[in-house]
Amino acid sequence: MLSFLIFFPVLAALIVALIPTDRASRLAALVFSGIQFFVSLLLLKDYDSSSAALQFVEVYKWIPSFGIQYFLGLDGISLWLVLLTTFLTPLTILASWNSISEKVKSFHVCMLLLEMSMIGALVSMDLVLFYVFWELMLIPMYLLVGVWGGEKRIYAAVKFFIYTMVGSVLMLLAIIGLMYYGKEQTGILSASLLDLYKVNLPFDLATFFNPQMLMFAAFALAFAIKVPLFPLHTWLPDAHVQAPTPGSVILAGVLLKMGTYGFLRFALPLFPEATLQAAPIFVGISIFGIIYGAWVAMIQPDMKKLVAYSSVSHLGYVVLGLFAFNIEGISGGLYQMLNHGVSTGALFLLVGMIYERTHSREISKYGGLAAVMPVFAVFFLIITLSSIAVPGTNGFVGEFLILLGAYKSAPWTSYIAVTGVVWGAAYMLWMYKKVFFGPAGELVPEVEDAHHDHGPNHKVEHHGAHKHPLVDLSLREICVLIPLVVLVFWMGIFPNQFLEKSKASIEHFVKNKSQYELTIYRAQTSDIAVRGDLNP
């Protein structure tokens, strides 16, 4: 099952590349990504939520002389992130139907290969295999920004690549060091997480320069850049603003979660003493990021940049929850990863839809848009309410659990972090009021003009400004947004349906955080042992 989810997009990309026409390649990419999503739903059907063990496990020898295996598995920590990836990909392909007009086949090949690498990173249980997929993610994302991005796309793509590559190289060194420490203790060279979780790395509280702290620092730097945490966040606004809308959606929806997932899957359980020692630093940075991201978002003149800085603030909450080290905080952090993918992904789609019509994202050029595009205004309002965590929406559940976990861990952290909710409401509602109910901007026609059929290239002259004949959302755009709106309310009203799947894994993590171990689901253990693919 997991191998299918990894390699089916590769097969789909090859077929799309061979299709002669752009329209047919779009349709094929959409169909293939839709098949991928519906197949991934089978994971939910067969997943045993009462178990914290790895499920759907596949283990094959890959480079046995170095203890490297093709080792895949899924638990409650990665299950929903895999489904989020397969859910967002067809929506972004459908959303790009009109906005991507050059190198169409290449664009869809990049999207499908990006999906492959993200799923591969989420289900890899061998550290070297994880690293391969982690690096593979950079290439299609680099191309999406550099080829189909805005005016400064090359600058943004190179900055993104350099930032993430620097952290990745240090993480590779730490992986090699961890494997050899494992060999010293067990006599077996292995990159399997099941083996590496059992390695006891030397730790000396009196000095920073001890093996466990240095390896934790290398992993943490790679993941902090990807999240990104302040002050390593400066690549993110540039990448978001220059990326095409589908690139921004996948970047915000899934790629940034690789950092927070990495903390939870690798950094925290592999280096428990170093994690506890460094926790106050990460709590402080995450709280600062929550406030800083909100304040900087508040002064942005560009809608897309505002949403980009809101990601810095929202993901600060996720890191705060993870470093609370309790069930509420980690459950909230994992839930907020999903919420951010849904809500911020939807915001980037909405900003992209208005940009397609006016070719501007400047907030000051809009106003009175609700009268001209009422359906668009309703969708934007729902996603805005989700983003500011209004009760009944998905955002509320995640932020409430995170603040509860932070309060249980250290009450003062929740007192400061909760102000981010207020600042978040301030910048989002200010933007919504200005764009939809403010005085008519230079890009927004009067209501009478907007409702007349002037033809696609007509522009209305008004005090020297060009006003576009804005039309409301098309059926295709509504079809893109409806699944996201359904999830906003479903996750907000029935959170237990989502939390229940991750409960056993999170409880196991919290209970055993100082000596974390993973096992293989009992129904699969004998089959793998018979094949002889697991290290003894």
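This is a predicted model: local features need pLDDT of at least 70, side-chain atom pairs count only at pLDDT 80 or more; totals for chains, interfaces and linings use all residues.
Residues are numbered from 1 along each chain as its sequence is written, and side-chain values use heavy atoms, with hydrogens and water left out. Local features need pLDDT of at least 70 and side-chain atom pairs count only at pLDDT 80 or more, while totals for chains, interfaces and linings use all residues.

**Helix pairs**

Helices here are DSSP runs (H or I, at least four residues), numbered from the N terminus. Axes are lines fitted to C-alpha atoms over the stretch in contact, and angles run from 0 to 180 degrees between N-to-C directions.

| Pair | Angle | Axes apart |
|---|---|---|
| α1 (residues 2-18) and α2 (residues 22-46) | about 175° | 10 Å |
| α4 (residues 104-123) and α5 (residues 127-136) | about 150° | 8 Å |

Helix α4 is therefore roughly antiparallel to α5, a term for angles over 145 degrees. Helices α1 and α2 are also roughly antiparallel to each other.

Contact means heavy atoms within 4.5 Å. On the α1 side the contact with α2 includes Leu 2, Phe 4 and Phe 8, and on the α2 side it includes Ala 28, Phe 32 and Leu 43. The residues of this contact divide into 14 nonpolar, three polar and no charged. Here Ala, Val, Leu, Ile, Met, Phe, Trp, Tyr, Cys and Pro count as nonpolar, Asp, Glu, Lys and Arg as charged, and the others, Gly among them, as polar.

In the other pair, Met 116, Ser 117, Gly 120 and Ala 121 of α4 meet Phe 130, Phe 133, Trp 134 and Leu 136 of α5. Six of these residues are nonpolar, two are polar and none is charged.

**The largest pocket**

Elements giving two or more residues to the lining include α6 (138-148), α7 (153-186) and α15 (327-358). The lining divides into eleven nonpolar, nine polar and eleven charged residues.

**Backbone details**

Most residues other than glycine have a negative phi, and most peptide bonds are trans. A cis peptide bond joins Val 227 and Pro 228, with omega about -10°. Another cis bond runs from Phe 230 to Pro 231, with omega near 5°. Pro 228 is in the loop between α9 (211-226) and α10, and Pro 231 lies in the loop between α9 and α10. Lys 103 has a positive phi, near 50°, and is found in the loop between α3 (79-95) and α4.

Key:
Angles under 35 degrees count as roughly parallel, over 145 as roughly antiparallel, 65 to 115 as roughly perpendicular and the rest as oblique.
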